[in-house]
Structure formats: C-alpha cells, structure tokens
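Good morning, and thank you for the time. I would like to take the group through one model, with attention to its aromatic side chains.

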Amino acid sequence: MIEARHLRVLRAVAATGSFSAAARELGCTQPAVSQQMKALESSAGTPLLIRTGREMRLTQAGEALVRHASGILAGLTAAEEEVAAIAGLRAGRVRLVSFPSGSSTLVPTALAALRAAHPGTRVSLVEAEPPRSVEMLREGDCDVALAFRYGAGPAEWDDLVVRPLLADRLVGLVPDSHRLAAAESVGIAELADEPWIAGCPRCRRQLVEVCEEAGFTPRIDFATDDYPAVVGLVGAGLGVAVLPRLALESVRPKGARAVVVEPAVEREIVALTLPDLAQVPAVAATLDELGRAATRA
C-alpha cells in the first residue's frame, strides 16, 4: 500500500536529485529518506530509482509515480483542509427534517443562532411528521429529525440518540361564541357532544384515546394536517379541537379561543439523530441550538 509520506519523499528526491538534498528539504536524516524509499519500492513492487555513483535518476515506474504524486498529494491536502474546516465548524452541512409546528417555532430560532455562530455551516430543511421523519433518519435521508410522541413506546427509539427538548401541552380551541369560551379550564368530557376538528394522524389517534378514557367517542367532522385550517374551522363555528401549544404560537386564532383542557395531555418534543452522526460537529451544534431554542419556547 502506497503511503502519502512516501510519495512526498519520492517527489523530494526527484526534485533534488539525491537522498541528502531531499533530507535537507524535508528536515530529516538521509538514512530516513533511504528507508522510506525502500519501503515505497517494496509497496510498488518494482524499482523506482536507479543509483549510479552520486547520480540518481528515476525508472519508468518512478517517473509515472512522480507524475501522479502531485495530484494525489494536492487532493489529499484539499481533503485534509476540508475535513479540518468541517471539524472546526467553518464548513459543513446538516439535513434537518421537522414537523410543521416545530418548523415555525423552534427551528427558526435554532437556525438563526447556528448561522450567527457558524456561518459556514449550511442547513437544509424539509417537513415530515413522525413516524415518517424517523424513517427518513434511519434511511439516511436526513441528519437530524425533530419529532414528537405521546408517551414512550417500547424501544421505539432505542437505536437513536434522543435529545429531549420540551413537553408540549395540548390546549383546547373553541369558537369565541362557545358556551365554554370564558372558562378557566374545561374538562374534556364537557365537549363530548361537540363536533370535532382533528389534526395529523398521530394527533388524531391521541385525541380518540383521551376522549375514550373520558367516557365518549369524539364525532370527528373534519380532519386536516394543516393547523391554520383547524383554527379557521373552529373560528367559523364548525367544531372544537385540541392542538399542541406550539401549533398555536405561529397561528393567530381569529374567531377562536384557546382554553385549558383537563386532564393535562402532553406530547414529548425531541431531536433525534444516529449515534455516529451525533459525533459530527455540525450535527452536534444543531442539536445544541435546538435545545436552547426549546428553553425559550
């Protein structure tokens, strides 16, 4: 196997014409140069130099190797500089996937702070709800996934690095004219006879479970993944809903009012990555900034 350090010695010998001159240029001893040349010839499997007295010239194989050495060493230097830039956060790329209410609340704050601290780090963003976002992470389509869950599933994310961010409580949403709009808190059973507007599939399942625990099955008239659409439908008096607090932070609930719903239900917001990716400086910095953004949410 040809080593880069041997190529540097060969190039120096070819440029200077002798082991002693190459040793002076490289800042080492003549025996060290001779030893490395022998190792290189052993790796190449053929002589690279012809020694005639004090003169030294390259064989055909030696000329070929010197011709390629400059490009190889230049490429290696460029690679070393690029890796050093990534390690020092002067460069790097992070592919982030997030659910919509995270994209409009936590992500902008985190990415603005990341850009200010490390302007050479580029972050791309696509949106997907869990479990699809988690599948994308495992399939190699992203580096960090902002996700949520209602209660820890059995070994659901055991193969991933999980960075807990915050507990996002569900709040009720009723029309301004609703009989419970002015209530300090509302028991979810008090909404048993109301038409419901449900959110994403995972949130929808959670709504049905909570209502059934309270003794009724919700009548879901509308279902949409779009939180502004949920707010608009409630504001138009077409039903009631429960939404994560984060979802309401980026939507102005025109015609609708948020109320505290009992019993309290929370979803766990987390940032996920793979164990090997967690060691990449740009990924680690992104996780840190998401954590700081969550403390301000």
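I shall begin with the basis of the values and then turn to the rings.

This is a predicted model, in which local features need pLDDT of at least 70, side-chain atom pairs count only at pLDDT 80 or more, and totals for chains, interfaces and linings use all residues. Residues are numbered from 1 along each chain as its sequence is written, and side-chain values use heavy atoms, with hydrogens and water left out.

How many aromatic pairs does the structure hold? There are two, where a pair requires ring centres of Phe, Tyr or Trp (its six-membered ring) within 6.5 Å, with planes under 30 degrees apart counted as stacked, over 60 as edge-to-face and the rest as tilted. The Phe99 and Phe148 rings have centres 5.1 Å apart and planes at 85 degrees, so this pair is edge-to-face. It joins distant parts of the chain, 49 residues apart: Phe99 lies in the loop between strand 3 (92-98) and helix 5 (100-103), and Phe148 in strand 5 (residues 144-149). Helices (H or I, at least four residues) and strands (E, at least two) are DSSP runs, numbered from the N terminus.

Phe148 also pairs edge-to-face with Tyr150, at 6.0 Å centre to centre and 80 degrees between the planes.
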